[in-house]
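Have the coordinates open and follow along.

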Amino acid sequence: MRFKNPFGQMSLSMDSMAAPFGRFTDICRMIKIEHSVFALPYAWAGAVLAARGLPPLWSLVFLTIAMVAARSFAMAFNRLVDLPFDRDNPRTQSRPLVTGAITTRQTWAFCAVMAIIFVAACACINEVCLWLSVPALIFSAIYSILKRFTPLCHFWLGATLGLAPLAGWLSVSPYSLTMPPLLLFLAVTFWVAAFDIYYAFQDMDFDEAFGLHSIPATYGPSTALVLAAFSHTMTSVFLLLAGFAAGLHWPWYLVWFGITVMLFVEHRIMKPQDLRYVNTAFFTLNGIISPVVLVGVILGIYL
């Protein structure tokens with residue numbers, strides 16, 4: 001007697017649904033959907049700060065849709081722009097766009113659809129978000145070409161994700177922008193720059209050989225570690241100041257202290273000559289930090 005696997009059918013259905021852009025699983029691999037955990041909680045935190053509690057459900061839903069669409073657009077565009085390098089880099093040769101599992105035409109179509117969804121979601125939030133939607137897409141796309149010209153690319157990526165708390169705030173309070181979301185913007189900018197520098201250690205030799213201007217390839221591993229440590233220090237400082245500016249209560253400062261310790265641990269385990277812990281430093285620890293920030297904001301308001 002044979003039984004059908006409903007989960008297998010679901011997977012097949014999802015893959016079929018995404019056929020115009022490639023298989024669903026390949027799309028998720030291409031845009032690294034799991035990395036959404038970095039920016040999305042900061043967008044929610046910005047919305048919670050603006051509302052001083054639970055934001056309107058309408059704004060929260062379309063903020064989430066906009067964030068996922070914007071990130072998906074930026075990642076897919078990055079894969080297109082980096083394709084000539086990804087074909088030669090041993091670390092990236094299994095990516096779906098390199099192997100042909102997804103075509104460039106499908107990826108361009110995916111970018112277009114994500115951009116439309118993003119602009120439409122912003123329009124559903126408020127007029128200010130709609131006005132800023134196209135500039136935000138352009139800002140996120142610029143990162144993909146910067147490594148060819150400047151090692152400041154890590155900080156541009158940080159600023160791109162740093163737009164998340166600003167977007168969250170504007171989704172609730174579009175005509176006022178105070179210090180807390182601006183300080184969170186700076187905290188996220190330095191936080192992302194630091195772990196992107198760590199991530200670039202994997203491609204240091206490749207970047208140097210192909211003339212790409214990552215900080216490790218341009219300045220060497222020792223200077224890169226110093227700049228990452230400085231960036232983490234700035235992250236801690238701006239998180240602390242954001243709590244003061246927002247008038248958050250004592251739970252926020254316990255969370256801030258815990259995050260500062262985690263950043264210190266991340267820096268200690270990251271060694272350019274031994275990359276065994278790069279995924280721990282890049283994804284595991286940082287994947288914890290952003291949801292913890294959101295929890296800290298909520299507790300800091302309500303307790």
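Q: Why does Ile298 count as partly exposed?

A: First, a caveat: this is a predicted model. Ile298 has a relative accessibility of 33%. Buried would need under 20% and exposed over 50%, so Ile298, at 33%, counts as partly exposed. Ile298 is found in helix H15.

Q: What makes the nonpolar surface patch, and where does Ile298 come in?

A: The patch covers about 860 Å² and is made by Leu54, Trp250, Leu254, Val295, Ile298, Leu299, Tyr302 and Leu303. Patch residues need over 30% relative accessible area, and Ile298 has 33%. Two helices, H14 (250-269) and H15 (278-302), each supply at least two of the patch residues.

Q: Which helix gives the most to that patch?

A: That's H15, with four residues.

Q: Which members of the largest nonpolar core touch the most other members?

A: Leu49, Trp191, Ile289 and Val297, out of 80 residues in that core. As for Val297, leave aside its neighbours within four places in sequence and the contacts are Ala45, Val48, Leu49, Leu248 and Trp252. As a general rule, nonpolar side chains in soluble globular proteins tend to be buried together.

Q: How many aromatic pairs are there in the whole structure?

A: A search finds 12.

Q: What makes the pair of Phe77 and Trp108 edge-to-face?

A: The two ring centres sit 6.0 Å apart, with 70 degrees between the planes. The cut-offs are centres within 6.5 Å for a pair and planes over 60 degrees apart for edge-to-face, so Phe77 and Trp108 get that label. Phe77 is in helix H4 (residues 57-81) and Trp108 in helix H7 (residues 104-125), so this pair ties together parts that are 31 residues apart in sequence.

Q: Are Phe77 and Trp108 buried or partly exposed, and how do you know?

A: Phe77 has a relative accessible area of 17%, so it is buried, given that the limit is under 20%. Trp108 has 48% and is partly exposed, because exposed would take over 50%.

Q: Why is the pair of Phe139 and Trp156 called stacked?

A: The planes of Phe139 and Trp156 are 20 degrees apart and the centres 4.5 Å. Phe139 lies in helix H8 (residues 127-146) and Trp156 in helix H9 (residues 153-172), so the parts tied together are 17 residues apart in sequence.

Q: What do the accessibilities say about Phe139 and Trp156?

A: Phe139 has 24% relative accessibility and counts as partly exposed. Trp156, with a relative accessible area of 27%, is partly exposed too.

Q: Which residues form one aromatic cluster?

A: Phe155, Phe190, Phe230 and Phe238.

Q: How do you know that Arg148 and Asp82 meet in a salt bridge?

A: Their N to O distance is 3.8 Å. The cut-off is within 4 Å, so Arg148 and Asp82 qualify. Arg148 is in the loop between H8 and H9 and Asp82 in the loop between H4 and H5, so the pair ties together parts 66 residues apart in sequence. Arg148 is partly exposed at 25% relative accessible area, whereas Asp82 is buried at 19%.

Q: How many salt bridges does a search of the whole structure find?

A: Four. One of them joins the side chains of Asp86 and Arg95, at 3.1 Å, N to O.

Q: Why do Asp86 and Arg95 count as buried?

A: Asp86 has 6% relative accessibility and Arg95 has 16%; buried means under 20%. Arg95 is found in the loop between helix H5 (83-86) and helix H6 (96-99). Not counting residues up to four places away in sequence, Arg95 touches Arg29, Arg79, Asp86 and Tyr199.

Q: What makes Arg91 and Asp203 a salt bridge, and which parts of the chain does the pair link?

A: The side chains meet at 2.6 Å, N to O, and the limit is within 4 Å. The pair links distant parts: Arg91 is in the loop between H5 and H6, while Asp203 is in the loop between helix H10 (179-200) and helix H11 (204-209), 112 residues apart. Arg91 counts as partly exposed at 29% relative accessibility, and Asp203 as buried at 7%.

Conventions
Residues are numbered from 1 along each chain as its sequence is written. Side-chain values use heavy atoms; hydrogens and water are left out. Patches are made of residues with over 30% relative accessible area and no salt bridge: like charges are joined within 9 Å, nonpolar side chains (Val, Leu, Ile, Met, Phe, Trp, Tyr) within 5 Å. Accessible areas come from the Shrake-Rupley method with a 1.4 Å probe; for residues, only the protein chains shown count as cover. Buried means under 20% relative accessible area, exposed over 50%, partly exposed in between (1.4 Å probe, protein chains only). A nonpolar core is a set of buried Ala, Val, Leu, Ile, Met, Phe, Trp, Tyr and Cys residues joined through side-chain atoms within 4.5 Å. Contact means heavy atoms within 4.5 Å. Rings of Phe, Tyr and Trp (its six-membered ring) pair if their centres lie within 6.5 Å; planes under 30 degrees apart count as stacked, over 60 as edge-to-face and the rest as tilted.
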